[in-house]
Amino acid sequence: MLELREITKRFGDVLANDHVNIVVKPGTIHAIVGENGAGKSTAMRIAYGFYTPDSGEILVDGQVRDIRSPHDAIALGIGMVHQHFMLVETMTVAENIVLGAEPGSALELDLKNAAAQIRQLSEEFKLAVNPHEPVEHLSVGQQQRVELLKALYRHARLLILDEPTAVLTPLEVEEFFGILRRMREQGKTVIIITHKLSEVLAISDEVTVMRDGKVVGRVQTKDTNAAELARMMVGREVLLRVEKPEPHAGETALEVRNLSVITSTGAKRVDDISFKVHAGEIVGIAGVEGNGQTELIEALAGLVDPAYITGEMLADGKNLNSLGARVRRELGIAHIPEDRHRRGLLLEFSLAENSILGVHYRPPIAAYAGNIFLDENAIQKRATEIIEGFDVRPRNAALPARALSGGNQQKLIIGREYHVHPKVLLVSQPTRGVDIGAIEFIHRQLVTLRDRGCAILLVSAELEEVTSLSDRLLIIHEGRIAGEVDPKVATLEEIGLLMTRGH
Amino acid sequence: MTKLARELLFPLIAVLAAFIVGGILILLVGDNPLDTYRLLLGAALSWPDGIGYTLFQATPLIFTGLAVLVGFRCGLFNIGAEGQLYIAAFATAWVGITFAGWSSWLLIPLCFAAAILTGAFWGAIPGVLKARFGSHEVINTIMLNFIAVALVSYFTQYHYKVPGDPIMETATIGPGAHIPRFGRFIPNFPERIPLNVAFLLALLCCLLVYLFLWRTKWGYEIRATGSNPSAAEYGGISIRKQIVLAMAVSGGLAGMVAINEVLGYRYRYYDGFSDNYGFTGIAVALLGRNHPVGVILAALLFAVLQHGGIYVDGFSEHVTKDIVQVLQGIIILFVAAESFFKWLVGRVRPVERLRA
């Protein structure tokens, strides 16, 4: 169906694609995997006409084709769904879908016909999308299906999906895979770009592995496994399963008693939760996203207005309720937030300036004249320690945080929070959007910190992560603790049921 | 391209483009643009009057530019510098009149304090309103401009005007409150030119604002709040405090215009003295890319235009000093359209973003 032959593309000094060869057979689901920066998206954008290759050729249905723009690609039956949706929120599904290919005459938009067509497509692939619904009313998962419909409406035979599951909840991922399988049954070809190995194994027929702009492997999915794929992606052995010694749990470091959190609109997001975290253990909280995890962690970090909180939060027996974020930090509570762009980083600030957030007001960072001025040397020293200790790349403290990849941004945050030797660490989605190599590193660091006696509360949407890291596992459902399981013996099915049904 | 060059590029393009578009307008009116510009620059840069008046005009613009800059760096849009400087000027004059007999050693610091603290107070009001009730500072600063102007006009008219004086102005301040003009130190520089030590103070303030914002923990907190309030909050920074602090510092800087005006120039409060300094300060901060050095350069440019404009009025055939307004307007338009230029540059030489 699609073949890339010896494709090379250079951006400035960076060789993004180096003699890339990819063959996608018709009627299959083909996964392209690799770490961030491996060249997966570049190769696919070339196939979709976003970029023109410096050399090499593209074959569609066995014929060499000159694809100079997405327009050419669409004419050849190639559609692409981007990681960030390109939808007009205020328009309806049908209006969005016909946008750029409006039916009817120049003066009159024939939406009726289009809507009927969309409905038919939606039924054919069981997408359950109402053409007349405004897009802003749709969930993320539904919006993604609108993007699929957009491509199908333009008669795409080959669909390229860039990190399609990044925005989906575990349940939505299952549904989404069902849709992809139906598409394959109907004879469509699907290319899925991802770095999540479990998904590759679950959905694809064939896998192409890329690393540093080159294709390093091409295998049938049934003949491979996660460890082999990870080794190809990273170029060395990777431990997918966290290895950790038995915990030595000590005193209670963090305690939550009958905690409830409401939003400003009065919705109860955390509902009468009680638990303890001891020094030297990792307590995991598993749950479908949006079941109160965010509010729980933010409440503990001191980022929720106390007026919206009832119940008690205690660290080392001291009541935290009325204390602000700064005082909680001083008490040894560190926080790795779930959204590093919103909470964790000052994107325009340099790495050095980011490395002092939270300790910027006290010695050794603040010095001279009653600790008013920032000590440039102390800042550089701290930044260097974090950057080198946590392998943040590129190793240039003067760069703005924005210039870093997601994994390196996360390492910077983790390094910063480790540097204060916390007694309690609140961690949310520590490896979201992070490369496999970095995930392994981050997991190891969390275990090391635990073994130094830190109490860790871990929230993650990755079930595998939260079960393999946690010493005890709580399941949260609609703001309540639905149960506690021993992560060593509990099955994923058992946990999954608690997550979705609450009992 | 170095960082500095990049920072300078767009303001330079904006200024250049303004002069080109302005030149076309001058041609249409029927004058020679080169002659007009020569007249404008020649007048503004002549010694001693041109340079003296230009620097004098630049002084309030540096203060208000800095005021707007500090607000911007905290994510706040202080449109209230105009009101802050009016209130401050009146308070400064009041102190200068009330304690007229005091010696300079006491009176000048007292007047400085009056200028800075009154401006800071007036600036802090919208800061508190935003921090406490979430009401938007743009609305509140604009409203407070009207209140400030009305308030000082009232006091001037009914309480502090010299009986029989047809002009809306107060009595003069005590001689102890006068700050020296440049003519006192520089040979062949007449003392009638009102350029005074407030100009040096303005330059000093640029350095202080730089140190404050980039070298102190308070500045870090203000900038962090401006860059990403959620992350600042996460880092244990009280956003509310930063909003009030930034607005107070901003107002204090705007209030320092009073030092130039009351202590160095008219020696009294003169109603309606401000030539929209507070609003021009917004343009100065924008053109100066919210950096103290940029503010100095932008303030100088605007002062050149304003002072040179007077001569254009008097000496050219058709063009009036309104051309200055046109040039300023176009500069602001082009600065605001920076993203358009970036897009244009991107079209000419595609800078492809790397994403894999």
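# Exercises on a two-chain predicted model

A171(B) is in contact with I97(B), Y160(B), V162(B) and R268(B), leaving aside its neighbours within four places in sequence; two residues are in contact if their C-beta atoms, placed from the backbone, lie within 7 Å. The model is predicted: local features need pLDDT of at least 70, side-chain atom pairs count only at pLDDT 80 or more, and totals for chains, interfaces and linings use all residues. Residues are numbered from 1 along each chain as its sequence is written, while chains are lettered from A and ligands numbered from 1 in the order in which they are written.

**Exercise 1.** State where A171(B) lies and whether A171(B) is buried, partly exposed or exposed.

Solution. Step 1: A171(B) lies in the loop between helix 6 (137-160) and helix 7 (198-215) of chain B. Helices (H or I, at least four residues) and strands (E, at least two) are DSSP runs, numbered from the N terminus. Step 2: a residue is buried if 20 or more other C-beta atoms lie within 10 Å of its own, exposed if 12 or fewer, and partly exposed in between; these C-beta atoms are placed from the backbone. Step 3: A171(B) has 17 C-beta neighbours inside 10 Å, so A171(B) is partly exposed.

**Exercise 2.** Describe the side of chain A that touches chain B.

Solution. Step 1: the contact takes 33 residues from chain A and 17 residues from chain B. Step 2: among the elements of chain A that each supply at least two residues are strand 2 (14-24) and helix 1 (40-47). Step 3: by class, this side of chain A has 17 nonpolar, 10 polar and six charged residues. Here Ala, Val, Leu, Ile, Met, Phe, Trp, Tyr, Cys and Pro count as nonpolar, Asp, Glu, Lys and Arg as charged, and the others, Gly among them, as polar.

**Exercise 3.** Describe how helix 14 and helix 15 of chain A pack.

Solution. Step 1: two packed helices are described by the angle between their axes and the distance between the axes. Axes are lines fitted to C-alpha atoms, for helices over the stretch in contact, and angles run from 0 to 180 degrees between N-to-C directions. Step 2: for helix 14 (residues 406-418) and helix 15 (residues 436-451) of chain A the angle is about 10° and the axes are 11 Å apart. Step 3: helix 14 of chain A is therefore roughly parallel to helix 15 of chain A, as angles under 35 degrees count as roughly parallel, over 145 as roughly antiparallel, 65 to 115 as roughly perpendicular and the rest as oblique. Step 4: the residues of this contact divide into five nonpolar, three polar and one charged; I414(A) in helix 14 and I442(A) in helix 15 are among the residues that meet.

**Exercise 4.** Give the strand order of the six-stranded sheet in chain A and name its edges.

Solution. Step 1: the open sheet has the order 6-7-8-3-9-10, with mixed pairing; two strands pair if DSSP finds at least two bridges between them. Step 2: strand 6 (78-81) and strand 10 (214-220) of chain A are the edge strands, each pairing on one side only. Step 3: the twist averages 20° from one strand to the next. Step 4: strand 7 (residues 158-162) and strand 8 (residues 189-194) of chain A pair in the parallel sense over five bridges, and L159(A) stands opposite V190(A) in strand 8.

**Exercise 5.** Describe the hairpin of strand 21 and strand 22 of chain A.

Solution. Step 1: strand 21 (residues 472-477) and strand 22 (residues 480-485) of chain A run antiparallel, joined by five bridges. Step 2: the hairpin has two residues between the strands, and E478(A) takes a positive phi near 50°.
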